[in-house]
Amino acid sequence: MADKILYTRPDSIRDVKSHYCPGCGHGIVHKLIGECLDEMNCREKTILVAPVGCAVLAYNYIDVDGIEAPHGRAPAVATGVKRAQKDKLVISYQGDGDLLAIGTAETIHAANRGENITVIFINNAIYGMTGGQMAPTTMEGQVTKTTPYGRDVHDVGYPIRACELLNTLVAPYYIERVSVHDVPHIVKAKKAIRRALQNQIDGKGYSFIEVLSMCPTNWGVDAQTGADWVRDVMQPYYPLGVFRDKDAEEASRVQ
Amino acid sequence: MKKPLISVEKCKGCGLCIGACPKKILEMSSAFNKQGVNYPKCKDEPSCIGCKFCAMICPDCVIEIVETDEPGGKNG
Ligand SMILES: Cc1ncc(C[n+]2csc(CCOP(=O)(O)OP(=O)(O)O)c2C)c(N)n1
Ligand code: SF4
Ligand code: SF4
Ligand code: SF4
């Protein structure tokens, strides 16, 4: 009898070598998106809006149609795509520089309009693509190329918590923060992504999933140390969990 | 029995799979692949419980988990 395959690359992930560094969280999140699209049988109707950042070529790896947005404008582009093609599943995939620095306005206004899109936000506490400059999410004291003595919050402000910020808005339907630093958290992250995609299919509105993720290269550490750093340093400041769930709010009102 | 199949040429040598294995049966080989990195190997296949943790954490889809007809070890 041939070997039975219990786990393999999802069909929605192309069998090509990615340009991501060893141990980069982008690859893990891509795979989770791919698994969800396979399970939901949605690959053919998905349009992925890629950011400027390391994930600029995400649609070469996730086997779906894709559009490259100008830096920070992915949620605006996703808004247009979704409004024009309501039957498509539109994902805005963005890093922290893209989503929370140059694209802050687009991020907030797409959420505030309650656009029926799914935003996947990769928070790796740094600008990866450009060589490791401070991001809005860089931790206090974290050494980067532009904060060589560590991030001084009195000089450049505090790390921004995107979920908490968006949770002040009325319109968003679902907001959750997850992490991919170990397998139990990867399982939870997949559930969150699936939920966020299903919300869009059900026409419920704006879903935002923040993923705490590793950039070992620009943190200057090996991959496992990077994963441990997410757990020990990022997670205490960026608490995991569901911030907004209008399904649950609705259910508790009915009871 | 269940065991990991490691496509070593795709491996980037990050080592996340080694840290994720609850049975601690993966280790870096001293050999290099064509990308020039060391890749993991399973030093004790009969002890694999088929939990898939190594494969799930791999960012580069290097590892498959398969079930074979070979008689398993203490974990089946
Ligand atoms: C208009 C514009 N400004 C600046 C840049 C330079 N730039 C490219 S990627 C990037 C930030 C990338 O960081 P992030 O969004 O966190 O993604 P990561 O690479 O970490 O995944 C910047 C500032 C650009 N390409 N275009
Ligand atoms: S620079 Fe960082 S985010 Fe970019 S591919 Fe490398 S590890 Fe990933
Ligand atoms: S399947 Fe589980 S036990 Fe087997 S090698 Fe992978 S992580 Fe280890
Ligand atoms: S997690 Fe994947 S890429 Fe990293 S060492 Fe293991 S097999 Fe290689």
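A salt bridge is a side-chain nitrogen of Lys or Arg within 4 Å of a carboxyl oxygen of Asp or Glu. The legends below describe close-up views of a predicted model.

**View 1. Salt bridge between Glu67(B) and Lys4(A).** The side chains of these two residues meet at 3.8 Å, N to O, so the pair falls within the 4 Å limit. Between chain B and chain A the count is 2 salt bridges. Glu67(B), in strand 4 of chain B, is also the bridge partner of Lys4(A) in strand pairing.

**View 2. The contact between chain B and chain A.** Chain A contributes 30 residues and chain B contributes 25 residues. The size of an interface is often given as the accessible area lost when the parts come together. Here the buried area is about 2,300 Å², with 62% of it from carbon and sulfur atoms. Across the interface, 11 residue pairs are in polar contact, both residues being at pLDDT 80 or more. On the side of chain B that touches chain A, the elements giving two or more residues are helix 1 (16-20), helix 2 (53-57) and strand 4 (63-67). Strand 4 of chain B gives the most, with 5 residues. By class, this side of chain B comprises 13 nonpolar, 4 polar and 8 charged residues.

**View 3. The surroundings of ligand 1.** Ligand 1 is surrounded by 16 residues, of which His26(A), Asp96(A), Gly97(A), Asp98(A) and Gly128(A) are the closest. A polar side-chain atom of His26(A) is 2.8 Å from an oxygen atom of the ligand. For Asn124(A), a polar side-chain atom lies 3.1 Å from an oxygen atom of ligand 1. Gly128(A) instead presents a backbone N or O atom, at 2.8 Å from an oxygen atom of ligand 1.

**View 4. The shell around ligand 3.** Among the 13 residues around ligand 3, those that come nearest are Cys21(B), Cys48(B), Cys51(B), Lys52(B) and Cys54(B). The shell divides into 10 nonpolar, 1 polar and 2 charged residues.

**View 5. Salt bridge between Arg177(A) and Glu210(A).** The two side chains meet at 3.1 Å, N to O. This pair links distant parts of the chain, 33 residues apart: Arg177(A) belongs to strand 6 (residues 174-179) of chain A, and Glu210(A) to strand 7 (residues 207-212) of chain A. Over all chains, a search of the whole structure finds 24 salt bridges.

Terms used. Residues are numbered from 1 along each chain as its sequence is written. Chains are lettered from A and ligands numbered from 1 in the order in which they are written. This is a predicted model: local features need pLDDT of at least 70, side-chain atom pairs count only at pLDDT 80 or more; totals for chains, interfaces and linings use all residues. Side-chain values use heavy atoms; hydrogens and water are left out. Contact means heavy atoms within 4.5 Å. Buried area is the accessible area (1.4 Å probe) that two parts lose on being put together, summed over both. A polar contact is a pair of N or O atoms within 3.5 Å; within protein, one must be able to donate a hydrogen and the other to accept it, and residues adjacent in sequence count only if both atoms are side-chain atoms. Helices (H or I, at least four residues) and strands (E, at least two) are DSSP runs, numbered from the N terminus. Ala, Val, Leu, Ile, Met, Phe, Trp, Tyr, Cys and Pro count as nonpolar, Asp, Glu, Lys and Arg as charged, and the others, Gly among them, as polar. Two strands pair if DSSP finds at least two bridges between them. A residue is near a molecule or strand if one of its heavy atoms lies within 4 Å of it.
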